[in-house]
Amino acid sequence: MPGDPTAPDMTTQPRPVYVIGAGPGGLAAAAALRARGVRAVVVEKSDEVGSSWRRHYDRLRLHTTRRLSALPGLAMPRRFGRWVSRDDVVRYLEKYAEFHELELVTGVEVTRIERAPEGEDGWTLHATGGRELAAAAVVIATGYNHTPALPDWPGLDGYEGRLLHAREYRNPRPYAGQDVLVVGVGNTGAEIAVDLVEGGAARVRLAVRNAPHIMRRSTAGWPAQRSGILVRRLPARLVDRLSAVVARASVPDLSAYGLPRPATGLYSRVKQGSIPVQDVGLIDAVRSGRVEPVAAVEAFEGAEVLLADGSRITPDAVIAATGYRRALEGLVGHLGVLDERGRPRTHGARSPEQARGLYFTGFSNPISGMFREMALDAEKIAKAIARRSRTAEAAAR
Ligand SMILES: Cc1cc2nc3c(=O)[nH]c(=O)nc-3n(C[C@H](O)[C@H](O)[C@H](O)COP(=O)(O)OP(=O)(O)OC[C@H]3O[C@@H](n4cnc5c(N)ncnc54)[C@H](O)[C@@H]3O)c2cc1C
């Protein structure tokens with residue numbers, strides 16, 4: 001990354017910028033800040049960088065391409081291949097922190113962010129161990145997929161079967177020969193269902209509330225992500241129409257198997273927060289009957305799972321791929337910077353009007369790929385913070 005000749009002087013900066021979270025979003029922001037001469041300290045609650053990626057299931061690969069997933073200032077090595085494996089993502093994040101010589105504090109969780117005491121600029125971070133950290137600015141990169149979320153299913157507390165959230169799923173070995181119900185057909189649910197089938201589960205059902213848009217990860221060498229980048233600024237209705245044409249040409253109609261094409265267009269669904277499912281084997285598994293789509297889960301009763309079509313089933317295990325919460329309320333909820341769904345009202349270079357100096361990255365789920373968007377946001381955030389530091393320095397002179 002090129003150094004910024006007009007950068008503020010790092011050695012005279014009294015308080016650093018704190019970046020919360022050492023996932024790709026936080027590391028990218030810290031590297032971009034450092035490249036602009038702004039001292040950034042990354043605070044991470046786990047013991048290592050990339051903790052979310054270390055926990056993901058074994059077979060996971062990026063569904064965005066290697067090139068379009070690189071963070072600022074360091075390409076991913078060619079040997080990682082086009083679709084980078086989970087382990088290589090972790091390797092890359094480790095290397096990234098080392099390469100950019102990032103200042104990292106691990107094993108510390110930031111619990112609350114407050115304005116600095118009266119008369120001072122900036123922010124105070126309250127962290128585990130009674131720590132109070134004084135920050136010139138704060139970048140919050142604690143992750144879109146922060147806390148596993150389960151629907152408020154009636155009877156869940158008394159459910160006698162085995163239920164786990166997708167975050168706890170690693171590989172199909174424990175489920176060989178078992179009857180498994182996967183709940184939720186986003187990318188995670190779809191991929192876990194296929195993994196179970198390939199790993200020898202006896203029966204795999206996939207509970208579907210809203211049938212997803214399904215697309216090929218790439219068509220004739222052209223990655224779906226590139227299409228996402230090209231169309232992301234076009235009107236949703238136009239993209240909905242274009243994508244319907246592409247879907248009809250490239251994805252078979254799975255209505256007869258319980259996965260009809262959604263009535264709401266692809267990009268309209270993205271805008272509602274639901275990105276399309278990239279096919280990594282679901283289409284074939286559904287067509288061959290190895291993954292059986294079933295109605296949505298409504299409730300639990302004893303050892304039974306009650307489905308929306310009135311049927312009752314008793315799988316050996318239920319894997320809930322039902323998403324995550326941002327869980328930002330405790331950290332910044334009191335600052336009025338979250339919307340009614342608990343998401344930051346601003347992101348990237350925009351800092352909330354009532355909370356200048358707070359920045360958020362990684363809290364949207366864009367069609368163009370999150371790594372890519374976090375890389376772009378990192379540069380924008382760093383630019384905005386460097387500008388603020390220069391102005392503050394000039395005022396102090
Ligand atoms: C299964 C799966 C597959 C994905 N595949 C892709 C893909 O192919 N391409 C793509 O572009 N995106 C993908 N994403 C989306 C996204 O890129 C990843 O979730 C990515 O890890 C998000 O990075 P992040 O830095 O925002 O959050 P995370 O990687 O979750 O990092 C957040 C970090 O913050 C730490 N933290 C949280 N709270 C605190 C606190 N209070 N104090 C201190 N530390 C804290 C956490 O321990 C964690 O290390 C995928 C997501 C999932 C779940």
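Two strands count as paired if DSSP finds at least two bridges between them. Helices (H or I, at least four residues) and strands (E, at least two) are DSSP runs, numbered from the N terminus. The model shown here is predicted, so to speak of a local feature a pLDDT of at least 70 is needed, side-chain atom pairs count only at pLDDT 80 or more, and totals for chains, interfaces and linings use all residues. Residues are numbered from 1 along each chain as its sequence is written.

**View 1. Strands β1 and β2 run side by side.**
Strand β1 (residues 17-20) pairs with β2 in the parallel sense, over four bridges. To find your place, look for Val17, which stands opposite Ala40 in β2. Is β2 mostly covered or mostly open? Four of the five residues of β2 are buried, so this strand is mostly covered. Here a residue is buried if 20 or more other C-beta atoms lie within 10 Å of its own, exposed if 12 or fewer, and partly exposed in between, with C-beta atoms placed from the backbone.

Strands of a sheet pair through backbone hydrogen bonds, either parallel or antiparallel. In this sheet the order is β9-β20-β10-β11-β16, and the pairing is parallel. The edge strands are β9 (162-165) and β16 (291-295), each of which pairs on one side only. On average, and with direction ignored, neighbouring strands of this sheet are turned by 25 degrees against each other; the axes are lines fitted to C-alpha atoms, for helices over the stretch in contact, and angles run from 0 to 180 degrees between N-to-C directions. Four bridges join β9 to strand β20 (residues 317-320) in the parallel sense. Within this pair, His165 stands opposite Ala320 in β20.

**View 2. A three-strand sheet shows the antiparallel arrangement.**
The strands of this open sheet come in the order β17-β18-β19, with antiparallel pairing. Which strands stand at the edges? They are β17 (297-301) and β19 (312-313); each has a single partner strand, so one side of each is left without a neighbour in the sheet. Strand β18 (residues 304-307) pairs with β17 in the antiparallel sense over four bridges. Val297 stands opposite Leu307 in β18.

**View 3. Helices α1 and α10 pack against each other.**
Two packed helices are described by the angle between their axes and the distance between the axes. For α1 and α10 the angle is about 35 degrees, and the axes are 8 Å apart. The crossing of α1 past α10 is right-handed, a term used if the near helix is turned clockwise from the far one by less than a right angle, and left-handed if anticlockwise. Residues in the contact include Ala28 and Ala32 of α1, together with Met374 and Ala378 of α10; two residues are in contact if their C-beta atoms, placed from the backbone, lie within 7 Å. By class, this contact has 13 nonpolar, one polar and one charged residues. In these classes Ala, Val, Leu, Ile, Met, Phe, Trp, Tyr, Cys and Pro count as nonpolar, Asp, Glu, Lys and Arg as charged, and the others, Gly among them, as polar.

**View 4. A shell of residues surrounds the ligand.**
How many residues surround the ligand? There are 34, and the closest are Gly21, Gly23, Gly25, Gly143 and Gly362; a residue counts as near if its C-beta atom, placed from the backbone, lies within 6 Å of the molecule or strand in question. The elements that give two or more residues to this shell are α1 (24-35), β2 (40-44), α2 (51-55) and α10 (370-396). The shell divides into 13 nonpolar, 18 polar and three charged residues.

**View 5. Two loop residues have a positive phi.**
Most residues other than glycine have a negative phi. Glu101 has a positive phi, near 50 degrees, and lies in the loop between α3 (86-99) and β3 (103-106). Glu101 counts as exposed because it has 9 C-beta neighbours inside 10 Å. Ala327 also has a positive phi, of about 55 degrees, in the loop between β21 (324-325) and α9 (329-332). With 15 other C-beta atoms within 10 Å, Ala327 is partly exposed.

Helix α6 (residues 236-250) holds Asp240. Asp240 is partly exposed because 19 other C-beta atoms lie within 10 Å. Leaving aside neighbours within four places in sequence, Asp240 is in contact with Gly265, Leu266, Tyr267 and Ser268.
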